[in-house]
Amino acid sequence: MSEIQTPTPRDAFELLLAGNQRFVAGTSEHPNQDAARRAETAPSQQPFAVLFGCSDSRLAAEIIFDRGLGDLFVVRTAGHVMGPEVLGSIEFGVEVLGCPLVVILGHDSCGAVGAACAALEDGMTPAGYVRDVVERVTPSVLAARAAGRVEPEEVLAEHVRHTADLLLDRSRVLADKVASGRTAVVGLRYRLADGTAELVASRGLEAAGIAAS
């Protein structure tokens with residue numbers, strides 16, 4: 001990465017937000033997307049963040065955060081639900097590649113969150129493996145309702161926060177790195193209409209003066 005050779009969690013977070021701000025303003029710079037960068041990263045990679053997001057086609061990470069080749073280690077599933085493969089991929093990004101930041105990216109109008117809400121209301125769940133996705137989102141919806149959060153954006157924020165806590169609970173590798181200050185986990189809520197990414201969860205950035213619920 002050209003900006004900072006050894007970024008801290010806060011450095012990485014600020015790089016990510018700066019790229020999103022450029023994207024929102026329509027001033028994207030498209031860094032690290034040329035032939036020189038392709039050649040530079042061919043032997044090895046050193047991304048500055050792991051991005052674990054929803055598979056939604058409107059959440060192309062390198063576009064909405066204005067980054068390029070070798071910048072982000074991206075893991076995506078519908079509704080950003082996790083299983084062993086996801087956990088292993090995130091741990092690879094943190095432990096092997098040395099990423100100082102893990103980002104959970106949720107978004108409004110998420111089909112998986114909407115399906116979980118609908119399943120709780122009418123008792124009908126989708127068929128096939130889509131049902132597994134919905135069932136993994138359901139605890140977040142129940143937690144939001146128990147706390148009196150019923151608006152779609154509130155439910156989404158709860159799902160992002162729940163994912164952050166679940167990730168740290170299930171991955172000792174990540175939890176240890178966050179506890180030592182070497183890595184941070186943040187949760188972002190992305191708005192499809194205007195392209196903004198809002199911080200809704202922060203685990204490990206509080207000491208840097210960046211906090212969320």
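Guide: What follows is a walk through the helix packing, with stops at single residues. Keep in mind that this is a predicted model.

Start with the general idea. Two packed helices are described by the angle between their axes and the distance between the axes.

Take helix 5 and helix 6 as the opening pair. Helix 5 covers residues 111-122. Its axis and that of helix 6 are 8 Å apart, and the packing angle is about 75°. Angles of 65 to 115 degrees count as roughly perpendicular. So helix 5 is roughly perpendicular to helix 6. Which residues make this contact? From helix 5 come Ala112, Val113, Ala115, Ala116, Cys117, Ala119, Leu120 and Glu121. From helix 6 come Val133, Val134, Val137, Thr138, Val141, Leu142 and Arg145. By class, twelve are nonpolar, one is polar and two are charged.

Helix 6 has another partner. Helix 6 spans residues 130-146, and helix 7 spans residues 152-170. Their axes come within 8 Å and cross at roughly 120°. That makes helix 6 oblique to helix 7. The crossing of this pair is right-handed. On the helix 6 side, the contact uses Val137, Pro139, Ser140, Val141, Ala143 and Ala144. On the helix 7 side, Val155, Glu158, His159 and His162 take part. Six of the residues in this contact of helix 6 with helix 7 are nonpolar, three are polar and one is charged. Look at Val137 and Val141 again. They meet helix 7, and they also meet helix 5.

Now move to helix 4 and helix 8. Helix 4 is residues 84-96, and helix 8 is residues 172-179. The two axes come within 9 Å, crossing at roughly 40°. Helix 4 and helix 8 are therefore oblique to each other. Their crossing is left-handed. Helix 4 brings Ile90, Glu91, Val94 and Glu95. Helix 8 brings Arg172, Val173, Leu174 and Lys177. The class count for helix 4 with helix 8 is four nonpolar, no polar and four charged residues.

Next comes helix 1, residues 9-25. How does its length compare with expectation? At 1.5 Å a residue, its 17 residues should span 24 Å. The end C-alpha atoms are 25 Å apart, which agrees. Several residues of helix 1 are buried: Pro9, Ala12, Phe13, Leu15, Leu16, Gly19, Asn20 and Arg22. An α-helix has 3.6 residues a turn, so residues three or four places apart point the same way. Just after helix 1, Gly26 has a positive phi of about 75°.

Ala12 leads us to strand 1. Ala49 is in strand 1, residues 49-54. Ala49 and Ala12 are 37 residues apart in sequence, yet 6.7 Å apart in space, C-alpha to C-alpha. Is Ala49 buried or exposed? At 0% relative accessibility, Ala49 counts as buried. Leaving out residues up to four places away in sequence, Ala49 touches Asp71, Leu72, Phe73, Cys99 and Leu101.

Strand 3 holds His107. His107 has 1% relative accessibility, so it counts as buried. Beyond four places away in sequence, His107 touches Cys54, Asp56, Arg58, Leu59, Leu156, Tyr190 and Leu192.

Ser109 sits in the loop between strand 3 and helix 5. Ser109 is not a glycine, but its phi is positive, about 60°. At 60% relative accessibility, Ser109 counts as exposed.

His80 belongs to the loop between strand 2 and helix 4. His80 is not a glycine either, and has a positive phi of about 35°. His80 is buried, with a relative accessible area of 2%.

End at Gly204, in the segment after strand 5. Gly204 counts as partly exposed, at 33% relative accessibility. Gly204 and Ala179 are 25 residues apart in sequence and 7.2 Å apart in space, C-alpha to C-alpha. Setting aside residues up to four places away in sequence, Gly204 touches Val178 and Ala184.

Conventions: Residues numbered from 1 in each chain as written. Predicted model: local features only at pLDDT ≥ 70, side-chain atom pairs only at ≥ 80, totals over all residues. Heavy atoms only, no water. Axes fitted to C-alpha atoms, helices over the stretch in contact; angles between N-to-C directions. Helix = DSSP H or I, 4+ residues; strand = E, 2+ residues; numbered from the N terminus. Parallel < 35°, antiparallel > 145°, perpendicular 65-115°, else oblique. Left-handed = near helix turned anticlockwise from the far one by under 90°. Contact = heavy atoms within 4.5 Å. Nonpolar A, V, L, I, M, F, W, Y, C, P; charged D, E, K, R; others polar. Expected span 1.5 Å × (residues − 1). Buried < 20%, exposed > 50% of the residue type's maximum accessible area, 1.4 Å probe, protein only.
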